[in-house]
Amino acid sequence: MAATNPDPTHRPSEDKYRDLWKWDKVTWGCHAVDCYPGGCPWRVYSRDGKIVREEQAAIFHTIQSGVPDMNPMGCQKGASWSQQHYNEERVLYPMKRAGKRGEGKWERVSWDTACTDIADAILDAVQEQGPQSLYHIGTPGEGGTQQILWNNFSAQLGFQVTDLQAEINDFSPGIYTTFGKFDPAPGADDFFHCELVLIWHANPIYTNMTWYHFIQEARYNGGEVVTIAPDFSPSAVHADYHIPIGIGTDAAFANAMSQVVIQEGLVDVDFVKKQTDLPLLVRTDNLRFLRASDLNAGADDQFYWIDAKTGGIAQAPKGTLDPGPMDPALDGAARVKLAGGAEVEVRPVFALLRDMLNAQYTPEKVHTICGVHPDTTRKLARKIAARKTRIMMGWNSGKYYHGDLMERAMMLILGLTGNWGKHGTGARSWAVGLNDGMFTVLLKSQAGSEMTLATRAMSDAMVQSMIEADPTITDEIARYNVEREMTKMMGIFTPPAFFWYHHCGYREVWNRPGYNDPEMKRSFDEYFREACEKGWFDTIDEQTRQAEPRFLIEVGGNLLRRQRGGARMLLEHLWPKLKMIVSVDWRINTTGLYADYILPVAQHYEKMNQPYSSPMHLHVLLIEKAAEPPGEARSEWQIIQGIAKALEKRAKERGASPWLRKNGQPVPLETLWSWITKGGDLADDAKLIDEIFRDSAILGTIPPDTTLEKMRQKGAVRAVGWGNSAMMVCQQSPIEPDKTHTPFRNHIEQLKPYPTLNRRASFYIDHDWYLEAGEQLPVHKDNPHHGGEHPLRLTSGHPRWSIHSMNHTSRVMLGTHRGHPVMYMNPDDMAARGLGNDDEARVFNDLAEMRIRVRWSPGTQPGQVVIYNGYEPFQFKGWRGPEVVEPGMVKWLHFAGGYGHLQYRGLHWQPIPIDRAVHVEVAKA
Ligand code: SF4
């Protein structure tokens, strides 16, 4: 007879399990990392002062009736982040290098010692080489608001804060070239309106698991999904069609579709005439735009078209896209008499484009370039012309040498078919900055709304005076100009290409002719010198050359992994020059292994913070402190204050004089702490975050009267306005409470001009260098053989298992895959090299060699090998990951400037590193 349970409510094993899920505190959480768009709201559960778990918080409201909501947002990294708070990797105390760099010997020191040593190293560097020897490597990696504050703090100290856009290269150079802005960011829910989604240079199944469902849900509306990729990528699995394109031949394919659209009369003529530069006239004698200055009739940036109503040439309006009573012609030719008396022929860009497409890019000709059958090309072109089409792009294309040409050609097919500025259309890149207060808080001289209002009034006045001086410029253009001047003045960004060239050893590799575009007529150094002499990047080259780097700090980044060329370049060329390297992180990453100091930072749920906010979800979120960080880890804001106090103290003790910041003002060494904390008013993390919410409300991005207290109740608020940040203003669409967001509506609905040289979507660039390179129109060019003459091409993508490198060594994540780095390779290529599944292979080229296990992958194209991005170099033999075989090329043309929108602007136009389609060979190890 079975024993009876004396207490039926007593179930020990069940109780134990239930006990696991008990909590005594619930807070708001998110992950302030660069997992774009991020911003997933979480509830964080703690017990006895320890975080026990997190759970997705489905708090977003339905925005548009009939459109699915965003709930619940989250990914598997986020769902297990609390476990990373307490894993073995946590650094608990400030650590000082005790052996040689990279030897792995550390000693625990006090915060006082760490801050004093760092302050002394900064003062030594300034004394020896000047403030130009201080480097803060820009990265959005980890930290949200707390990390951005550090960028600004370093800039205020006169550091060279490298532009994070060039560091990470999530730039869309072809979108920028076309629109004068790279960052259209449609709402995730706006994908529901798409009738055709082209997943092109992206893999959202891996990278956008928080909102990818909208792409699938668009199919309930009859939408179709096409993945264009060399490999049968994870995102191809769920698409209606997969187009296996040859590596790096996307511009040819896009141009072939444009050829079909024009030849078959499918062009959206009204859209093209109003929105693009295709009606503008080009001189056939020199291939330059016809300008008013040619005719002695006005400025260099006044352009012309043929008015089909009169048959004569006329000035295209600059202040509006509305042609008024005119009808700009897309075809034909005219003869005009120049100021000097000579007569030249002029033709619309459209006519030149059509001739080029017919001559070089018919679907039959392109078939031999990209391998796509002409019937497929025609079929897709017709679909694009007939449907609301969006290109779901990631940041893969921009990482190709000719990625700008690919993107320009992709924008061209959208432009010809009228596919942007309407719900469910356009392209997609990234933008952050809805939380405007994040950027203004350190720039104010005191806490409180008074200074915020004064700051806003000052910037509004600058915008207004620019518009008054030139009524043809829009509010958007004026805001860019104001931001460009302010970031330059504050020294917030420095394009790092000059640092790499002078101090990191890239000059030699950039000059290798075989690694570059053979159509360029001169050597790299000649272009580089011309760019510097013409002042296209101001005096950055001179400033960078003047001083040897001595001090380098990275906050939440991982330079030796991320840098193309990695440790191979930096340890050899840069590291010996540096007297101190500081890594601020919650763990010791590969860069930390070679650093002199590790400063332990609080993890996501251990400090007050805000994640990056994006138009893709249009929400601003709160992250609350749920528990104390372990050991002596601190928030970034508290560490900044410790360094500020130590700098004050040591400067006084050493009798150091204040040095000048970028704005010419001396660094307030004597009152540094008081200066950054506004007399101590914002010293506390919670007060700082409260101030930022209040400032954002004043600046108009979030609802009025938003405070920390209100955010504690809600967790998130939807944006109500774009504020002043240029990345937001550039969306050029209204934020409507009951509509999904799609960018560029103002250009379409209000005919507001674009911030380009000719104020139109620009498919023709007549910059001298572009003409020299034959890239005035979006053409296809073969990928240069960077890496050497080797048969395979190494491509990459963002991984599924990690945000960059920060989750790659998480035990939870390691348990979800093979647990070690892998390279995907076609079975035929493997067989030819005697490689079996999971064998270790040598991957090598002219520059270096690394080892990795091979994964049998029939979906990978022959000739292609794929290593997803982000593995820690220390996961490989000899700590050499795929970055060592990357030459780290930049496209020479991206040093071009002095041409309308082709000029340096923080986070925008600048040389960016290339890492796709590097030539390699593979052999059995
Ligand atoms: S890591 Fe990023 S994408 Fe994943 S849940 Fe967190 S915020 Fe969302």
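Contact here means heavy atoms within 4.5 Å. Helices (H or I, at least four residues) and strands (E, at least two) are DSSP runs, numbered from the N terminus.

The buried residues of α25 pack against α20 (497-503), α21 (506-510), β18 (551-555) and α24 (559-562). Those buried residues of α25 (residues 566-574) are Gly566, Ala567, Arg568, Met569, Leu570 and Leu574. Buried means under 20% relative accessible area, exposed over 50%, and partly exposed in between (1.4 Å probe, protein chains only).

A word on where this comes from. This is a predicted model, in which local features need pLDDT of at least 70 and side-chain atom pairs count only at pLDDT 80 or more, while totals for chains, interfaces and linings use all residues. Residues are numbered from 1 along each chain as its sequence is written, and side-chain values use heavy atoms, with hydrogens and water left out.

**The chain overall**

The protein chain has 35 helices and 28 strands. Its C-alpha trace spans about 95 × 80 × 55 Å along the principal axes. For 925 residues, a compact globule would have a radius of gyration near 29 Å, and the protein chain agrees with that, at 28 Å.

Of the 925 residues in the protein chain, 65% are buried. Take the contacts between residues at least 6 apart in sequence: 74% of them join residues at least 24 apart. The accessible surface of the protein chain is about 31300 Å², and carbon and sulfur atoms own 51% of that. That area comes from the Shrake-Rupley method with a 1.4 Å probe; for residues, only the protein chains shown count as cover.

How far apart are the mean positions of the positive and negative charges? They are 2 Å apart, for 100 positive and 112 negative charges. In that count Lys and Arg are positive, Asp and Glu are negative, and His and the chain ends are not counted. Each charge is placed at NZ of Lys, CZ of Arg, CG of Asp or CD of Glu.

**Helix α15**

Helix α15 (residues 374-386) has 13 residues, which at 1.5 Å a residue should span 18 Å; its end C-alpha atoms are 18 Å apart, which agrees. The expected span is 1.5 Å times one less than the number of residues. In α15, the buried residues are Pro374, Thr377, Arg378, Leu380, Ala381, Lys383 and Ile384. An α-helix has 3.6 residues a turn, so residues three or four places apart point the same way.

| Bond | Omega | Where the proline lies |
|---|---|---|
| Tyr36 to Pro37 | near 0° | loop between β1 (25-29) and β2 (42-47) |
| Asn71 to Pro72 | about -20° | loop between β3 (50-56) and α2 (76-79) |

Lys678 has phi near 60° and is placed in the loop between α28 (672-677) and α29. At 5% relative accessibility, Lys678 counts as buried. Arg759 has a phi of about 65° and lies in the loop between α32 (745-749) and α33 (768-773). Arg759 counts as buried too, at 8% relative accessibility.

Is Asp705 buried or exposed? Asp705 counts as exposed, because its relative accessibility is 57%. Asp705 is in the loop between α29 (685-698) and α30 (708-714). Leaving aside neighbours within four places in sequence, Asp705 is in contact with Ala697 and Lys710. Asp695 is ten residues away along the chain, and the C-alpha atoms of Asp705 and Asp695 are separated by 9.6 Å.

Asn746 lies in helix α32 and is buried, with a relative accessible area of 10%. Apart from neighbours within four places in sequence, Asn746 is in contact with Gln732, Ser733, Pro734, Leu751 and Lys752. From Asn746 to Gln731, 15 residues apart in sequence, the C-alpha to C-alpha distance is 8.8 Å.

Thr590 lies in helix α26 (residues 590-593) and counts as buried at 2% relative accessibility. Not counting residues up to four places away in sequence, Thr590 touches Asn558, Leu560, Glu872, Pro873 and Phe874.

Methods: The radius of gyration is taken over C-alpha atoms; the globule rule is 2.2 Å times the number of residues to the power 0.38.
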